[in-house]
Amino acid sequence: MIPVILSLFIFPVITGLILLILPWKTTKFIVIISALSLSAISVYLFINIDQPYYFAVPQYLNKVVAGFDILLLIYFGWIALRLKNWKIGILSALQLALLFYLLRVLPSSHSMQFMVDKLAVFMYLIINIISGIIAFYATRYMEEEDCSLSRKKYFLSVMFFFIAAMNMVVSADDLEYFYLFFELTTLASFLFIGFRKDPESVRNALTALWMNQAGGLVILAAIFFIAYNGYGAATFSNLMANGSASGVLIPLALLGMGALVKGAQIPFSNWLLGAMVAPTPVSALLHSSTMVKIAPFMILRLSPVLKDTPVAMVLVALSGFVFLASAIGALAQDNFKKILAHSTIALLALMIMMAAIGTPATILASLILILFHAISKSMLFLNAGILEKVFHIKQTSDMDRLGETGPFTSLAITIGFMSLLIPPFGAFIGKWLSIETLGSFAGNKNIFAVFVIIAVACGGAVLAFLYFKVLGIMISRSGEHDRIPFENTGTVFSVSIYILLVMLFTSMLALPVMLTGIFVPVVSGLSGVPLMAAYSGFTLQVGDLAIPLLPMMAAIVLFPVTVIVAMFLRFKKVDRAKEYACGEKINYSFSSFYFSTERVTPWFSIIGVLCLIALLVAACI
Amino acid sequence: MKLAVYRKKSPWILHYNAGGCNGCDIEILACLGPKYDIERFGMINSGNPKQSDILLVTGPVTKRSRERLVEVYAQMPEPKVVVSCGACACTGGVFRGMYNCEGGIDQYIPVDVYVCGCGSRPEQIIDGVIKALDILERKTLELEVSVRLKKVPVEENGQVNRREVAAKIIHTQHTYE
Amino acid sequence: MKGFIIPVLLIILAPFIGGLVHGLERIVRARMQRRIGPPLLQPFYDFLKLAGKRKMIVHSAHAFLGIMHFVSLWFALALLLLGGDLILVIFLHLLSTSLLILAGYSTRSIFSHLGANRTAISILAYEPVLIILAVSFYLVTGSFETAAVFNYDKPLLLEMPLAFVALLLILPVKLKKSPFDVAEAHQEITGGTEIEFSGIFYEAVYTAKWLDYVFCYTLVYLFAGNNILLGAALILFTFIYVNALDNSSARVNYKQMLRFSLAVAFSLAFLNLILNIVI
């Protein structure tokens with residue numbers, strides 16, 4: 001098994017190197033081959049790994065990892081010097097000092113550096129399959145990008161290095177290794193955001209860098225506290241084993257804070273919003289479907305020890321607040337990608353919240369959200385890229401008449417948004433499970449849960465409203481153009497959208513099977529307690545929750561089929577009339593509504609900072 | 001079941017002012033009030049041509065309003081009747097012969113019932129509408145054409161506007177003559 | 001078996017019941033204005049007349065979305081009456097509303113767009129309250145399924161009176177009645193989303209409104225538990241209340257509506273939730 005797992009780490013790196021060397025013409029071929037084989041490997045691993053699987057790498061690699069850490073920090077310091085950014089400078093200097101101290105203090109003999117459990121292979125599935133599609137899409141996107149050929153190759157190869165880093169970060173058990181891979185994803189994020197090299201990109205890249213550096217610093221601090229408290233080697237499994245030891249809350253809170261940074265929760269949300277200046281495949285891959293998922297992943301990893309602690313309470317409160325606040329913040333946005341970014345932050349908050357509560361049902365909800373959000377949001381982002389490259393649209397207010405010029409793109413965006421909102425799609429199931437489990441907490445006289453329910457209910461409504469803001473301007477078309485052929489966006493673009501659409505619909509149809517086949521084993525592996533999932537008639541009993549399948553199946557007919565049929569259906573022998581406009585015959589131009597939320601948004605970050613302080617206070621008490 | 005029976009029972013009214021003095025309009029609104037209460041016949045002042053059966057027009061059709069009048073008329077689905085309400089709508093009234101008006105709406109759209117008066121009393125309007133209901137019951141689903149529309153229709157994507165279909169019929173009739 | 005027949009009958013007859021409610025409402029409203037008003041069966045006359053009109057649409061997608069709005073609303077209602085999961089019912093209702101909103105947006109008609117915008121805003125006004133109501137029902141009955149509510153042997157009204165008040169406050173938003181009828185606003189945007197429908201296609205949207213009556217009054221009935229008499233009394237009270245309010249109040253704008261429903265109705269529902277937990 002070890003060679004197979006290691007191939008997931010090494011194979012993308014090799015692909016990245018090959019992409020750098022070989023001519024551009026061959027890239028598409030190489031990308032397809034490696035995407036397919038990476039997906040195949042991840043599926044193979046998912047089928048074959050049931051129990052947590054520990055393995056060690058040779059001891060000298062520890063030194064290599066430490067060396068890489070130092071090199072990376074020196075590189076960041078150099079950037080800070082070159083661009084005169086004191087925040088990055090201070091943070092990397094602090095990290096460097098802490099790292100040197102830790103290298104001296106920590107016991108040098110690590111037993112097992114990697115652990116591949118069900119959660120890790122679940123993440124492999126998402127990372128490799130989604131990244132494969134996005135890399136394939138990027139081959140075409142980069143052709144249109146205005147930069148030299150070598151930079152295009154560089155872009156694609158960094159993308160594959162990133163896949164390798166992601167695969168490693170989810171399988172690291174040793175926190176030192178985890179820290180390195182965490183920093184590598186930060187580096188990837190930094191390089192990609194600054195890819196276009198204009199002043200705005202550079203500025204936003206620096207913002208992303210210093211915020212993620214803060215994340216790295218708190219992880220190092222967590223390692224320090226693990227060593228200080230004397231739990232032995234700084235590994236996740238060691239931390240779990242000392243779950244009830246005194247003082248364990250401090251490293252937990254620090255790791256949680258690292259997750260909040262990566263997940264761009266509110267005091268740190270600026271970096272993800274700024275990251276939208278990067279080329280769209282990056283937004284799709286790093287900033288919505290995979291890298292930011294490290295946040296719920298970390299919390300899920302820690303959930304067995306984290307649940308029912310004050311730290312978890314603060315995390316839940318913060319993420320509940322973020323869910324609502326970022327949805328409200330999005331109402332003032334006009335840039336399509338920024339709207340998507342806000343909704344990503346909101347849904348990440350929901351995932352973190354569910355993971356932090358940590359009962360089997362909420363873990364299930366979190367996992368369902370992770371998977372479906374990855375599919376839906378990457379599809380939406382790829383469509384944003386198509387809008388940018390084919391239709392030359394970046395703002396939602398320019399999307400007027402898109403329903404006429406790009407019916408397929410508008411259909412895909414409609415389905416994407418609706419899949420985040422209403423039944424029968426998975427994202428809805430996640431939201432539904434979360435409300436029901438929070439309700440059952442409230443049933444146990446837990447007033448705290450009430451506030452979270454309210455945040456979820458209001459945030460969900462605001463998000464629904466937000467989606468209609470985009471849809472409203474996009475799908476309108478006039479009566480005379482009833483018969484519209486689908487636009488031609490090019491093979492690569494349309495194929496990648498088709499694949500994601502098919503994935504969305506198959507996963508929606510196969511959800512009952514996937515619940516028992518994919519999600520329940522992961523949940524059982526995480527919580528230690530096997531989660532029972534069984535059919536009784538037309539209800540699927542998962543733990544305490546009964547999921548009625550019959551209405552779900554009917555909902556499948558109702559929504560997705562309706563929207564698609566509406567696209568193709570033509571009523572015969574029916575007159576067509578113009579729209580009513582009091583008898584006028586003017587061609588109106590439409591725009592979507594706009595809410596000014598600038599008055600409240602400054603308060604959001606203040607509340608976020610207060611929550612962070614509360615997190616530390618809760619850990620120390 | 002003959003659905004035509006129910007046309008009489010639920011006539012929805014579209015009220016259009018083609019440049020009148022508002023006298024007749026006030027009377028039409030009075031019909032809706034407690035004293036005359038035309039809702040007891042199931043009538044609604046719907047304000048939307050697409051869901052209406054009776055077009056109630058007041059005013060002498062000023063040049064600015066005639067295009068709208070024809071457009072609104074074309075947007076009403078058949079069967080439909082037109083009631084011209086008041087002296088201006090019937091003949092042009094005191095505005096007849098003025099540079100900016102035409103003499104009555106029947107120069108543009110086919111009128112079924114003429115209600116006289118300046119302004120016509122609510123009783124007269126109700127009577128006219130009830131008369132129009134008898135005509136409505138006898139009408140078919142054939143496309144009705146507005147009178148003065150001689151524009152050549154433009155086909156776009158294999159579909160034509162209703163109004164232009166009507167114009168097509170008129171056009172062929174005129175070429176016969 | 002007996003407990004199964006009544007809901008199924010109700011579901012099948014829902015459009016007829018809704019139509020009767022609408023007819024009765026028109027009479028009651030007319031009598032409140034000292035008019036005579038139309039006959040009781042007037043909505044059905046309208047229905048039959050609309051069926052006989054020449055077919056006319058703006059474009060096919062628009063017409064089809066309108067029809068599916070009706071179908072999905074009927075489905076949500078069926079699930080509610082059959083004792084399904086309340087959260088799922090609320091989201092299915094959201095689905096049907098969103099189909100109507102999409103239909104409204106799919107044309108290039110200004111009134112239709114305005115109506116769709118305002119319908120989306122009214123979702124913002126009532127959706128959180130409904131979800132909180134569902135959680136309150138859960139806290140009292142111990143189950144999210146409406147079947148548990150229908151079989152609950154105490155009147156829920158006494159256990160969650162504030163939630164009932166909150167529901168009363170958002171019902172005008174949902175039923176598109178004054179003072180919260182911005183989404184429809186006949187005198188202002190001539191019906192909003194429904195404006196471009198005509199003839200047999202308008203029937204779908206028109207009948208969907210009747211279904212909405214049944215849906216809302218079933219929500220009211222939930223507060224009676226298994227006490228049918230109390231349920232009938234509650235429905236009657238709500239019916240008179242909604243129509244009296246509709247007749248006696250002027251339309252507010254959407255901001256005022258949003259502010260009111262979030263500040264008053266929402267806080268009441270919230271307070272009720274807290275009380276349910278504490279007590």
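Predicted model: local features only at pLDDT ≥ 70, side-chain atom pairs only at ≥ 80, totals over all residues.
Helices (H or I, at least four residues) and strands (E, at least two) are DSSP runs, numbered from the N terminus.

Which residues of H1(A) and H6(A) meet? Among them are A:Phe9 and A:Leu20 in H1(A), and A:Phe160 and A:Met168 in H6(A). By class, this contact has 15 nonpolar, 5 polar and 1 charged residues. Ala, Val, Leu, Ile, Met, Phe, Trp, Tyr, Cys and Pro count as nonpolar, Asp, Glu, Lys and Arg as charged, and the others, Gly among them, as polar.

Turning to the two chains, 55 residues of chain C are in contact with 52 residues of chain A (C-beta atoms, placed from the backbone, lie within 7 Å). The largest share of chain C's side, 15 residues, comes from H5(C), and that side has 39 nonpolar, 10 polar and 6 charged residues. Strand E6 (residues 575–576) of chain A runs parallel to E1(C), joined by 2 bridges (strands pair if DSSP finds at least two). Here A:Arg576 stands opposite C:Ile57.

Residues are numbered from 1 along each chain as its sequence is written, while chains are lettered from A and ligands numbered from 1 in the order in which they are written. Local features need pLDDT of at least 70 and side-chain atom pairs count only at pLDDT 80 or more, whereas totals for chains, interfaces and linings use all residues.
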